[in-house]
Amino acid sequence: MKQICLPKGGVSAARNHGIDISEAKWVNFSDCDDCYSSIFSLYTIFNVLKTNETFDLLWSPFWMTKDGRLKMFNEYNGIFIHNKYYRRSFLNEQKIRFCDKLHMSEDSAFNAIVEARIGYGRIGRINVKEPLYCWCRREGSVTMQPDKWVYNAEGHFDRNLYVLEECQKKPEYRADLMIVRTLTDAYAMLTKSWLKEDTSKFRKRIASFYLLYRDIFLNAKPEDLEKVQKMSDLEAGNNERDKQIRPPIYQWLEELAGEAE
């Protein structure tokens, strides 16, 4: 183990430095309050990484601590970088690094770029009977505070703009779906029933984005819109009351556009 002290630069700069100086075949990113279930967990992971030649990204189920209890994540998701193992040569060949201009959601942005560039069938699961890793959810985090919801939503929006910019570099990355996702994310986050913060400045940003890509959004296939909106609702944590009282997304976006025009 090697400890390196860096000038203040945020987690993205620290992670990027780690990738750059590492000589390992695989890299993993862990928070200081996370842990592995046991020494055997590391033994299992090292053995898999040492022998695998099929995948560029490996993951396994993991525990999350919440309210003093353990909850198991048993399905792959692209939000967390925790408990994922990235082949370093793949990251270097694709020139994938964390965006140090994002003040939050840099981990899900990183994974979005990885998933856009990784080859078919190159993501693999480490099959184990019990989760090997425990992610500690920090309740005091800014992302957990209701009075910082608009701040978080804008950070989320900036993440999506960054990912969209990357997707627009190659047509096969489906930038149209990222445009739809950017708008459905904003819709899911700003139609919360309990939201009391001033959203006027953020609404103007969303309106400008919508007016720029209105035709692409309106021409999205219904099945694509439904799929993407489910992902947005899942990430934003909308409850059934939110869904019952919020206006349809087309109406909401047109109202924003009317305010901006």
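Buried means under 20% relative accessible area and exposed means over 50%, with partly exposed in between (1.4 Å probe, protein chains only). With that scale in hand, let us look at charged pairs and cysteines.

This is a predicted model, in which local features need pLDDT of at least 70 and side-chain atom pairs count only at pLDDT 80 or more, while totals for chains, interfaces and linings use all residues. Residues are numbered from 1 along each chain as its sequence is written, and side-chain values use heavy atoms, with hydrogens and water left out.

## Salt bridges

A salt bridge here is a side-chain nitrogen of Lys or Arg within 4 Å of a carboxyl oxygen of Asp or Glu. That rule gives a count of 20 salt bridges. Here are three of them.

| Pair | Closest N to O distance |
|---|---|
| Asp158 and Arg205 | 2.8 Å |
| Arg214 and Glu254 | 3.1 Å |

Take Asp158 and Arg205, whose salt bridge has its closest N and O atoms 2.8 Å apart. Because Asp158 lies in helix 5 (residues 149-167) and Arg205 in helix 7 (residues 200-218), this pair ties together parts that are 47 residues apart in sequence. Helices are DSSP runs of H or I with at least four residues, numbered from the N terminus. Asp158 is partly exposed at a relative accessible area of 25%, and Arg205 is partly exposed too, at 30%.

Arg159 counts as buried at 6% relative accessibility, whereas Glu235 is partly exposed at 26%. Both residues also belong to a network of salt bridges that links Arg159, Arg181, Asp185 and Glu235.

Next come Arg214 and Glu254, joined by a salt bridge at 3.1 Å. Arg214 sits in helix 7 and Glu254 in helix 10 (residues 249-260), so the pair ties together parts 40 residues apart in sequence. Arg214 is partly exposed, with a relative accessible area of 23%, and Glu254 is partly exposed at 35%.

## Cysteines

How many disulfides does a search of the whole structure find? The result is zero, where a disulfide is a pair of cysteine sulfur atoms within 2.5 Å. Cys35 is in no disulfide, and the nearest cysteine sulfur, that of Cys134, is 4.6 Å away. Cys134 is likewise in no disulfide. Cys35 is partly exposed, at a relative accessible area of 40%, while Cys134 counts as buried at 13%.

Notes
Helix = DSSP H or I, 4+ residues; strand = E, 2+ residues; numbered from the N terminus.
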